[in-house]
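Okay, thanks everyone for coming.

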Amino acid sequence: MIQREQIRQFKIFLFFLLLYGFVQFSFAQTAIKSTSPEERMKMYEKHLELKENSLFKNLNWQFIGPINISGRMTDVEVVRPKGMNYIIYAAGATGGVWKTTNEGTTWEPIFENGQSTSIGDITLAPSNQNIVWIGTGEANIFRSSNAGAGVFKSIDAGKTWKQMGLVGTNTIPRIVIHPTNPEIVYVAASGHEWTDNEERGLYKTDDGGKTWNKVFYKNEKTGVIDLAMDPSDPNILYLSTWQRVREKWNDPRNENDYNGSSIYKSTDAGKTWDEISKGLPEAKFRGRIGIDVSKSNPNVIYVFVDNYEILRENDDAENVDSYGRPKGGVIKGATVFRSDDKGNTWKQTSVLNEYMETLSATYGWVFGQIRVDPQNENKIYVMGLDLNVSEDGGKTFRELKGMHGDHHGLWIDPDNTDYLVNVNDGGLAISYDGGKEWRTFTNNMPLVQFFNVAADMSKPFKVYGSIQDHGSFKGIVDLSRGRDKIPPHDFERAPGGEGSNHAIDPTNPDIVYSAGFYGTLARSDMKTGESKNIVPKVEEGEPKLRGQWLAPFILSPHNSNTLYIGFQYLFKTTDCGETWQKISPDLTYNDPNKSGDIPYQTIFSISESPLKAGLIYAGTDDGRVHLTKDDGKTWKEIVNGLPYGKWVSELAASAYDENTVYLSQNGKRDDDFMPYLWKSTDNGETWQSIVNNLPTGPVNVIKEDPKNKNILYVGNDFGVYVSLNGGKFWYSLPGKFPTTYVHNLVIHPRENIMVAATHGRGLYALDVEYLQKLNEDDFNKDAFFISATKGMLPQNPKSRWSQPDPVSFCYYLKTNVDSMKIEVWDANNVKVKELRGAGNKGLNFAEWNLTTDSKEKTYVEPGEYTLILKSAHIFYKVKVEKPEKK
């Protein structure tokens with residue numbers, strides 16, 4: 001009896017123990033799902049408000065390059081008739097919309113500050129080409145795609161834009177406008193990238209976007225990926241559906257239970273739809289489908305199917321894909337079908353051969369675009385790794401050479417079909433002879449998608465970064481003309497691949513470390529050109545290493561011969577990578593149900609305390625965070641209070657306090673756009689949110705300023721923010737900075753220049769010395785000078801070619817004024833110059849060109865001068881010097 005009672009009491013104890021553990025777990029980590037469109041709109045409005053009211057909106061970023069390459073583009077439209085004008089609109093995958101009025105001689109960004117600058121499609125109204133629609137959200141859902149925010153409309157050829165709804169669609173692959181009534185618009189929505197959602201389908205407006213009706217919907221897993229209108233009857237529409245979602249561990253793919261990809265036809269302007277799939281592969285084998293209708297014979301329709309029928313199994317473990325991953329079974333892949341009866345029946349025209357198998361490599365879901373020559377029903381173009389043309393209805397194809405690879409859009413002039421405009425992962429190209437020769441644009445379309453940025457300690461210092469589909473590059477940051485006049489430069493090749501992190505030995509800028517995609521670490525000597533693979537080796541019988549696309553590694557701040565690299569384990573070397581030691585267990589959840597083609601459940605961020613060697617933090621892509629205080633001998637998980645499973649995008653151990661660490665998390669892969677930003681002052685035992693007024697996420701990076709312990713910087717999918725008080729309050733840094741996905745930040749410790757790696761607009765630099773001199777108490781003052789440069793008189797004052805280095809200065813105003821009178825007085829208390837400066841609340845900038853107000857506008861003599869903010873009675877001493885004779 002006593003034994004039974006003991007057992008009963010033990011069971012009760014165990015129940016409450018498990019319950020307590022569950023409650024503790026629930027309190028410690030909460031799973032947070034996707035963000036609603038309404039929440040996203042509110043966050044964006046707060047972002048705009050923060051930009052508008054920022055004290056630092058006059059502190060300008062400077063584009064520094066590269067100017068010799070461009071980046072991934074998704075669509076292109078050309079105003080007709082060609083020859084009467086030379087207007088082209090081009091869509092950056094994450095770089096907004098650009099326009100040229102002179103066929104590419106110059107380009108200007110016309111949509112660079114929207115809620116999303118990831119563009120899926122551009123469409124011009126055929127009856128009024130000043131009406132331009134853009135669908136945001138790249139539908140190719142590549143590894144670095146950004147979510148869209150609905151559709152935008154311009155009625156003045158891109159001068160102004162209005163958001164027209166459908167924010168919750170996230171990806172828009174196609175917009176079709178009625179040929180004679182621009183109020184009738186159809187929008188295809190292919191669905192959220194990472195989660196199922198009901199906003200998939202086809203939408204229609206009859207009133208120019210004021211209201212929308214969903215005229216086609218299949219289910220929350222299947223969206224509309226392409227749409228075409230019969231050129232002879234606008235009531236006839238064809239659409240293709242695609243069942244897909246991206247997992248953190250898999251590219252989009254056909255799962256065993258998928259059957260949603262198909263083709264549908266409407267003959268009543270979208271009121272009713274019929275499936276038209278007779279002759280196509282079985283539904284379970286159909287992936288992404290592109291569609292186009294012949295303009296010269298509307299009975300003819302072509303579709304481009306990513307066909308998952310297995311041709312043969314891959315039994316060779318050495319047979320790998322473009323990224324070094326073992327291939328699965330070989331599928332038919334790119335397959336072209338034709339209908340000669342408006343879609344009632346289909347017949348495969350392409351043949352099964354190596355050309356078609358490899359046309360889209362192992363990622364046919366990225367492409368899926370097909371075009372029919374407007375004058376020749378038998379001439380078609382399909383887009384894959386190359387731009388491919390067939391002149392026999394798809395039976396045989398040939399590549400069109402002379403451009404960058406990975407093709408996503410093509411415009412064919414209906415009046416002259418030899419005129420082609422193509423967009424790809426390297427930018428835009430034009431052909432005047434049917435694709436024999438191409439004119440490409442690189443130096444005036446800065447759409448480069450950087451994954452990272454690192455800086456060396458050379459003079460001038462160089463920055464390194466990896467670029468989508470280009471590989472790794474480096475370029476100089478040239479301060480010789482002044483800190484506010486940094487010119488953009490051509491970049492040159494650097495060690496590493498297209499998805500790499502970099503680190504440069506601070507004691508020797510010739511030694512560069514680069515981790516290629518999924519952790520292929522190398523050490524390169526830039527002086528000798530030698531490079532060595534230094535990836536840690538796996539012991540026999542141990543699991544294969546799992547490394548992220550951007551596998552993290554760091555040089556120890558205590559010894560540049562010591563490196564740490566993260567896979568599922570953390571490895572350490574003390575001899576520059578010659579030998580390695582595994583210093584951690586698997587720090588991820590290692591859930592076998594979350595294992596696939598893409599390495600997942602890996603370490604993504606590593607940070608070693610600059611104050612204590614061996615105090616290391618490691619964060620994973622599946623949301624775990626660990627700490628070791630003894631260089632890996634023991635580890636402790638430190639996730640109390642953090643949301644469950646959120647990607648750890650950055651850890652930053654403080655350089656000012658051994659117990660302080662900062663952490664950012666990114667919910668993008670849950671379609672969660674909330675900001676997650678944390679600070680701990682007890683080595684992660686507890687975490688305090690420092691989001692405060694930071695308006696939106698996802699947060700990609702957090703950095704501590706190397707000179708001012710109170711300053712933090714954050715980069716997210718909208719821009720860069722700064723806090724002057726450790727995260728209690730955030731300011732936007734919007735000056736001449738487009739709305740763009742900020743992947744990484746680096747602050748040069750010697751030059752005090754911050755460089756932002758954007759994924760869609762290249763690299764930008766900001767002079768942070770102004771910020772470093774501030775503290776929040778300063779803002780209680782009505783006005784004050786922050787700094788001023790030394791002036792240098794011209795070498796030859798009488799020559800117009802000889803220019804001075806002006807006195808550039810910065811001042812703060814507590815409130816807005818109409819304008820600020822600034823006087824310059826010499827050492828004899830004589831006023832020599834009166835200037836007019838900006839009167840904005842916050843930081844303002846002005847220059848004195850060293851001339852006087854005399855009629856002759858002569859230069860002043862060398863010496864000391866005083867700047868005076870007249871209405872505030874604030875003084876600041878500056879020097880003017882004479883250059884040494886050459």
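So, Ser261: leaving out the neighbours within four places in sequence, Ser261 is in contact with Thr241, Trp242 and Gln243, and also with Arg286, Gly287 and Ile289. Keep in mind that this is a predicted model. Ser261 sits in the loop between β15, residues 237-243, and β16, residues 263-266. Is Ser261 buried or exposed? Buried, with a relative accessible area of 1%, and the cut-off for buried is under 20%. What does its side chain find in there? A polar atom of the Ser261 side chain lies 3.2 Å from the backbone oxygen of Gly287.

Next, Gly566, which belongs to strand β39, residues 559-566. Gly566 is buried as well, with a relative accessible area of 0%. Not counting residues up to four places away in sequence, Gly566 touches Ala551, Pro552, Ile603 and Ile606. Take Ala551: it is 15 residues from Gly566 along the chain, and the two C-alpha atoms are separated by 6.6 Å.

Now the nonpolar cores. The largest one has 31 residues, and the members touching the most others are Phe56, Tyr713, Leu733, Met754 and Leu771. Several elements each supply at least two residues of this core, including β52 (720-723), β55 (753-758), α4 (769-772) and β59 (807-813). Which strand gives the most to this core? That's β54, with 3 residues.

Setting aside neighbours within four places in sequence, its contacts include Trp61, Tyr713, Val720 and Leu733. Met754 also contacts Leu745, Val746 and Ile747, and among its other partners are Tyr764 and Leu766. There's a second, separate core too, with 21 residues, among them Val824, Leu867, Leu869 and Val878.

Zooming out to the chain: we have 4 helices and 64 strands. The radius of gyration is 30 Å, close to the 29 Å that the globule rule gives for 886 residues, so the chain is as compact as a globular protein of that length. Along the principal axes, the C-alpha trace spans about 95 × 95 × 55 Å.

How many of the 886 residues count as buried? 60% of them. For contacts with a separation of 6 or more, residues 24 or more positions apart account for 55%.

Terms used:
Residues numbered from 1 in each chain as written. Predicted model: local features only at pLDDT ≥ 70, side-chain atom pairs only at ≥ 80, totals over all residues. Heavy atoms only, no water. Core = buried A, V, L, I, M, F, W, Y, C linked by side-chain atoms within 4.5 Å. Buried < 20%, exposed > 50% of the residue type's maximum accessible area, 1.4 Å probe, protein only. Contact = heavy atoms within 4.5 Å. Polar contact = N/O pair within 3.5 Å; in protein donor to acceptor, adjacent residues only side chain to side chain. Rg over C-alpha atoms; globule rule 2.2 N^0.38 Å.
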